[in-house]
Amino acid sequence: MIYSLYIISKAGGLMYQKDFNEGLAHLTANEYLVLAGTFHGNSTSSGLEVLEADSFKLYCFQTLTGTKFLIIADPTHPNIDHVLRRTYDVYSDYVMKNPFYTPEMPIRSELFDINIVKLIKQVGG
């Protein structure tokens, strides 16, 4: 099961956040900033890729442009690398190809939301 998705800009700002499990406790705005800041770092290094805990795993995929995709999932969920890459494909198709989107700004795209939810349902979110 996939619990949450976060997209963090190369400047360390939270661009997108989506919870897929309604039973989760929600973070405060400050906690979202701390999460984004924790994963903000030098874009020339690979940085943290997986954080393991007893009840979840947090996966990080950093693009060549420095944008980071974080997925929090059940520790037994298979193929998260594949899910992260498909998430990046959806981001490329519905955010980056949108002529009205300003890079590094929060993502406000209904088509992106729809397709992310569809992807998560397909992969067992």
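Biologist: Of the 125 residues of the protein, what share counts as buried?

Modeller: This is a predicted model, where local features need pLDDT of at least 70, side-chain atom pairs count only at pLDDT 80 or more, and totals for chains, interfaces and linings use all residues. Residues are numbered from 1 along each chain as its sequence is written, and side-chain values use heavy atoms, with hydrogens and water left out. Buried stands for under 20% relative accessible area, exposed for over 50% and partly exposed for in between (1.4 Å probe, protein chains only). Of the 125 residues, the buried share is 40%.

Biologist: Among contacts between residues at least 6 apart in sequence, what percentage joins residues at least 24 apart?

Modeller: A contact here has heavy atoms within 4.5 Å. Take the contacts between residues at least 6 apart in sequence, and the part joining residues at least 24 apart comes to 50%.

Biologist: Let's go to helix H2, where threonine 87 has its place. Is threonine 87 buried or exposed?

Modeller: Its relative accessibility is 1%. Because of that value, threonine 87 counts as buried.

Biologist: Which residues is threonine 87 in contact with, leaving aside its neighbours within four places in sequence?

Modeller: Threonine 87 sits in helix H2. With the neighbours within four places in sequence set aside, its contacts are Leu5, Phe69, Ile71, Ile116 and Leu119.

Biologist: And histidine 82, what separation do its C-alpha atom and that of valine 123 have?

Modeller: Histidine 82 also belongs to helix H2, and at 45% relative accessibility it counts as partly exposed. Valine 123 is 41 residues from histidine 82 along the chain. Their C-alpha atoms are separated by 9.4 Å.

Biologist: Now the backbone, please. In which loop is asparagine 79 found?

Modeller: Asparagine 79 is worth a look, with phi near 60 degrees, a positive value in a residue other than glycine. Its relative accessible area is 59%, so asparagine 79 is exposed. The residue lies in the loop between strand S5 (68-73) and H2.

Biologist: What phi does glutamate 104 have?

Modeller: Glutamate 104 is placed in the loop between H2 and helix H3 (110-122). With 30% relative accessibility, this glutamate counts as partly exposed. Although glutamate 104 is not a glycine, its phi is positive, at about 75 degrees.

Note on methods. Helix = DSSP H or I, 4+ residues; strand = E, 2+ residues; numbered from the N terminus.
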